[in-house]
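Please read the points below with the sequence and the model open. They are short notes for someone who has not seen this structure before.

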Amino acid sequence: MLVNTRDFNLAPDADDLLRRCTRDAPQGELKPELTQSMIEINTSVHTHYPALLAELRATRDVLAGHARKMNVALAGGGTHPFQKWSDRKIYPTERFLAVSEKYGFLAKQFTVFGQHVHIGCATADDAIYLSHALVRYLPHFIALAASSPFYQGVDTAFDSSRLSIVNAFPLSGTMPLVRSWTEFNRYYDRMLGLGIIASMKDFYWDIRPKPEYGTVEIRVCDTPLTVDRAAQIAAFAQALARCLWEERTIDITPDLYLAHSHNRFQACRHGFAGTLIDATTGRARPLADDLRETLRLLAPHAQMLGSQDAFAALTETIDQGNDATWLRRAFAETGTLPDVVRHQADLWAASE
Amino acid sequence: MTAPDFLPAWPPAANSFLIFGLLLLAGLAGGRLAATTRVLPAITGYIATGFLLGPGVLGWLSESALAQSRVLAEFSLGLIVFDLGRRLDLSWARHDRWLLPMGLAESALSFIAMFALLRFVGGIDMLEAAVAAMVGIATAPAVVLLVTNELKAEGPVTRRMLWHVALNNIIATIGITLMLPFIEARAWGATWNPIARALWLIAGSFLLGYIAFVLMTLLARWLGKSPVPQFLLAVGVIVATVGAAQIARLSVLLALLVLGACTRNLDRQHRLIDVEFGRAAQLFFVALFVLTGATLRPDQFGAVAWLGLAFVIVRLVGKAIALYVLAWPAHVSMRQAGTLALALTPMAGLAIGMTQPIYDIAPEFGAELAAIVVSGIAILHLLGPIATRYALIRAGEGEPRARD
């Protein structure tokens, strides 16, 4: 998110920032987003966590440098704590204007910020398998990345309020229980034929296959407060996908989705303190415990992939609290939401 | 037979309340009419209303009524200039090395252009031409801030515009102050302690602004960061600083700009909230512009209008050339440079007390100066707000339908 340095409200400077970055473009890609205070940072394709982290840090430094010259700042976080959605300006591209026309006030309310992780898949059927199997772990991603406790000037009592805004879209939720790429295509063609969708982009699912990239895209994460956390979450996704793909520990059954809404809500509302229900075993346990165990089980995969540092940092996060905890602490210390955003911006731009 | 003593005197004399109320209502009507055009900003409506009601046309607003309302204008300017000072983020100039050179070049080039026009084309005396050109450097802070608020404008051009306005007002005020000893020498034939006068005005105004800031932060530490007490604190400190500057015969403009700039740059503990003056301030702004309009006379558009018009044009060209030339190294797009130059058009040098010290020491010189620049200012009172409004909308930063 782009904020001004006067009252730390959102600043509609995406266009200018992107224009300036064309002269010393970092690796990957920078794009406009739905409203003019948002930019999308795409990294290039990575197989190793350290390289991803280095690229993200370099991109951050370029962006922060330009932002300082423009007298604006960038910050992480899933929502801006106090912006008024009705003040937002739609970025004037054909697609975004069409989205605005189609969704009315939801478009401006969608000035929320998320991290999407793409995982490359060998085959289309693998992508379908992973899209289902990863659902079991969506609450873990939500809790790890949660950074939107404040929205429209109030503490929502949620760790991630952002996903409640995504829920308002008619095609949000999860992919239907299709078991193969052929089955998925049948479903897709029907939706297309009925005129409900025009492309894959119209599905606002928590996780979806992305055929043009050959990936599965995890979309539930709030944008973390730092690029380091963003890279750690990507490393977690990579190790998890490797494990699921190799070991096929998750059976794709309706049970997988039975408790999903409950678990997802628990993660959004309570973060690590939420409760997870396993519909297969009927067991309920704290999310933090399940996440710790997951990290332990994935440790060999993390080692193979060179992501031990990321896993160590994530384990520490479970003990010390996620970004939502950090933001609430900042508010308790400073007393005003503009001060919280100021701290957020300082944290995002801080070089290691 | 005499009238009973419980009845009011006849004809009834207007008091300050009645004048203020009627100014507001008349301004409101003018602003509303301007809004219906979809092109004119509300300010143009306020100014036109004042012009019509003032001594120049209908004469419903008498000279004494104007004098009674002067306090309103001073208070409004205090608020506006303080707000402008808050936009003067000095750390920005540290990060963007071209920001300050661009501001200085814009001021310098427009000064040279205006001076050359008055001196060599208009044949005006060197000192008068220099002072008039110095007045012309400044962009009207009230106009740009009000148009910005009206359009809810925000973005790179708006941010730069307000920074330039703050800077060019400081440059113009200091420049005029430095010329005072020369004016005095010519008026009185002697230059007793000329440096002391300039020092008193500049250093005194800076000091007053700084002291007000220190008091403000001390009180803020005690009050905490609640919005309502901080709002009252800001208004209280601003009004008191305006009063103190008047008593001490310092520059109200400079003292309030310094106060605003200090709150932005020196409040290291972040004790002050960026208070929004909002609707409360709007009351005074309407009155300010109706009053400004009332100072205009139809004949100002006549006699020396060609020189006034040329003055306006070379001023704009001077600013535009500086901004265009430095745009590339400063990473400013040509489109942004153009809209920025246009947005800096409004000028209200005489109305904001900048030239008051000249009247204090040499009233005749002040009157001559007024005659030179007044037609330029009169033209810009009408065109300036329109230019700023158009520029911010063109830059894609103002919402034409934002006004409420």
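**Notes on the predicted model**

1. C21(A) counts as partly exposed, because it has 17 C-beta neighbours inside 10 Å. In these notes a residue is buried if 20 or more other C-beta atoms lie within 10 Å of its own, exposed if 12 or fewer, and partly exposed in between, with C-beta atoms placed from the backbone. C21(A) is part of helix α1 of chain A; helices (H or I, at least four residues) and strands (E, at least two) are DSSP runs, numbered from the N terminus. Not counting residues up to four places away in sequence, C21(A) touches L30(A), V62(A), L63(A) and H66(A), where contact means that the C-beta atoms, placed from the backbone, lie within 7 Å. The C-alpha atoms of C21(A) and G65(A) are 9.9 Å apart, although 44 residues separate the two along the chain.

2. On conventions: the model is predicted, so local features need pLDDT of at least 70 and side-chain atom pairs count only at pLDDT 80 or more, while totals for chains, interfaces and linings use all residues. Residues are numbered from 1 along each chain as its sequence is written, and chains are lettered from A and ligands numbered from 1 in the order in which they are written.

3. Between the chains, 16 residues of chain A are in contact with 14 residues of chain B. On the chain A side, α1 (14-21) and α2 (49-70) each supply at least two of the residues that touch chain B. By class, that side of chain A has 9 charged, 4 polar and 3 nonpolar residues. Here Ala, Val, Leu, Ile, Met, Phe, Trp, Tyr, Cys and Pro count as nonpolar, Asp, Glu, Lys and Arg as charged, and the others, Gly among them, as polar.

4. Chain A has an open sheet of 3 strands in the order β5-β11-β10, with antiparallel pairing; strands pair if DSSP finds at least two bridges between them. β5 (114-120) and β10 (207-210) of chain A are the edge strands, each pairing on one side only. Neighbouring strands are turned by 25° against each other on average, direction ignored. β10(A) and β11 (residues 215-222) of chain A pair over 4 bridges in the antiparallel sense, and I207(A) stands opposite I218(A) in β11(A).

5. Which helices pack on this sheet? Helix α6 (residues 138-145) of chain A touches β5, β10 and β11 of chain A, and its direction makes about 45° with that of β11(A). Helix α9 (residues 227-247) of chain A touches β5 and β11 of chain A, at about 35° to the direction of β5(A). Axes are lines fitted to C-alpha atoms, for helices over the stretch in contact, and angles run from 0 to 180 degrees between N-to-C directions.

6. In chain B, the axes of helix α1 (residues 16-37) and helix α13 (residues 278-294) come within 9 Å and cross at roughly 85°. α1(B) is therefore roughly perpendicular to α13(B); angles of 65 to 115 degrees count as roughly perpendicular, under 35 as roughly parallel, over 145 as roughly antiparallel and the rest as oblique. Residues making the contact include F20(B) and L23(B) of α1(B) and L283(B) and V286(B) of α13(B). The contact residues divide into 10 nonpolar, 2 polar and no charged.

7. Helix α8 (residues 141-151) of chain B is mostly covered, with 10 of its 11 residues buried. Just after α8(B), K152(B) takes a positive phi of about 50°. Helix α4 (residues 70-85) of chain B packs on α8(B) at about 75°, with the axes 9 Å apart, which means that α4(B) is roughly perpendicular to α8(B). L77(B), I80(B), V81(B), D83(B) and L84(B) of α4(B) meet P141(B), A142(B) and L145(B) of α8(B) in this contact.

8. Most residues other than glycine have a negative phi. N71(A) has a positive phi of about 65° although it is not a glycine. N71(A) lies in the loop between α2 and β4 (72-74) of chain A, and is buried, with 23 other C-beta atoms within 10 Å.

Key
Contact = placed C-beta atoms within 7 Å.
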